[in-house]
Amino acid sequence: MSSILIQFAHPALEKSRVNQVMLRAIRDLPFVTINDLYEEYPDFDIDIDREQQLLLAHDYILLHHPMYWYSTPAMLKQWEDLTLEHGWAYGRQGVALTGKKLMNVMTIGGQREAYNEAGYNRYTVRQFLAPLEQTARLCKMTYLPPFAVHGTHRITEAGIQQAARQYRNLLIQLDAGLIDIPTVLDLPCINDIIPTDELTVNPAPQS
């Protein structure tokens, strides 16, 4: 069973050279499921049962998307509104997601230094994500610091390749249990503890 579900949402992937490379870098990982929401639901008619089954089948749920107006693309909000049902994801009887981990993986046009109290955008990336962090808490999930790729408007090809390599390394480390979750919970973002050199994937055990 795969352990990591990528809930990918980009309304114009063909225009995003960064996200295309990031996705290519992780497609072959055997423990990863990529669920492209815009590809799957072009009419926004989300199959709630399918989405809930995907959530149940994975330990980590990563919301991979560009930052749009300091938030997520519309599809992810639609997905939240329909899939995280009362009595299933939250509420007295809503325990389906208890113990799972939620994280944002984001591409952001602005530079990292623009996202702080003294910067152009006045708030940190993590502060902008507070509604999702609280959603995770409400659903009895653990919210992990975001993986954020900044400066995508001007990023070099080398920068894209490094971001993709780090993304792949992040998933390898999560699957292998190499990230000490309690020690990273309060980080502003998780990028700084992820190596940039390529890691090796351990082969799947033979049955």
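Start at the loop between α6 (130-138) and β5 (142-143), and select K140 there. This is a predicted model. K140 has a positive phi of about 60 degrees, although K140 is not a glycine. Colour by accessibility: K140 is partly exposed, with a relative accessible area of 34%.

**Stop 1: another positive phi**

Move to W69. This residue sits in the loop between β3 and α4 (74-83). W69 is not a glycine, yet its phi is positive, at about 50 degrees. Is W69 buried or exposed? Its relative accessible area is 81%. The cut-off for exposed is over 50%, so W69 counts as exposed.

**Stop 2: zoom out**

Show the whole protein chain as a cartoon. How many helices and strands are there? The protein chain has eight helices and six strands. Trace them from the N terminus: the order is β-α-β-α-α-β-α-β-α-α-β-β-α-α.

Now draw the box along the principal axes. The C-alpha atoms fill roughly 45 × 45 × 35 Å. The radius of gyration of the protein chain is 17 Å. A compact globule with 207 residues would come near 17 Å, so the two agree.

Buried residues make up 49% of the 207 residues.

Colour the charges next. There are 17 positive and 24 negative side chains. The centres of the two sets lie 5 Å apart.

Take the contacts between residues at least 6 apart in sequence: 77% of them join residues at least 24 apart.

**Stop 3: the largest nonpolar core**

Hide the surface. In soluble globular proteins, nonpolar side chains tend to be buried together. Here the largest nonpolar core holds 33 residues. Select I4, I6, L62, Y167, L170 and L171: these touch the most other members.

Which elements supply at least two residues each to this core? Highlight β1 (4-8), α1 (17-26), β3 (60-66), β4 (101-107), β6 (147-149), α7 (157-175) and α8 (181-184). Of these, α7 gives the most, with eight residues.

Stay on L170. Leaving out residues up to four places away in sequence, L170 touches M103, F147, I179, I190 and I194.

A second core is separate and has 32 residues. Among them are L55, W79, I108 and Y143.

**Stop 4: Y167**

Go back to helix α7 and pick Y167. Its relative accessibility is 0%. Buried means under 20%, so Y167 counts as buried.

Beyond four places in sequence, Y167 is in contact with I6, M22, I26, L62, H64, V105 and F147. For a distance label, pick N191: it is 24 residues from Y167 in sequence and 8.7 Å away in space, C-alpha to C-alpha.

**Stop 5: H65**

Step to strand β3 and select H65. H65 is buried too, with a relative accessible area of 0%.

What does H65 touch, not counting residues up to four places away in sequence? Its partners are A9, S71, T72, P73, L76, N104, V105, M106 and T107. Now label H10. H65 and H10 are 55 residues apart along the chain, but their C-alpha atoms are separated by 5.8 Å.

**Stop 6: I34**

Next is I34, in strand β2 (residues 32-36). I34 is partly exposed, with a relative accessible area of 26%. Setting aside residues up to four places away in sequence, I34 touches I6, L23, I26 and R27. Its C-alpha atom is 6.9 Å from that of F8, a residue 26 places away along the chain.

**Stop 7: V201**

Finish in the segment after α8, at V201. Its relative accessibility is 23%.

How values were computed. Residues numbered from 1 in each chain as written. Predicted model: local features only at pLDDT ≥ 70, side-chain atom pairs only at ≥ 80, totals over all residues. Heavy atoms only, no water. Helix = DSSP H or I, 4+ residues; strand = E, 2+ residues; numbered from the N terminus. Rg over C-alpha atoms; globule rule 2.2 N^0.38 Å. Buried < 20%, exposed > 50% of the residue type's maximum accessible area, 1.4 Å probe, protein only. Contact = heavy atoms within 4.5 Å. Lys, Arg positive; Asp, Glu negative; His and termini not counted. Charge placed at Lys NZ, Arg CZ, Asp CG, Glu CD. Core = buried A, V, L, I, M, F, W, Y, C linked by side-chain atoms within 4.5 Å.
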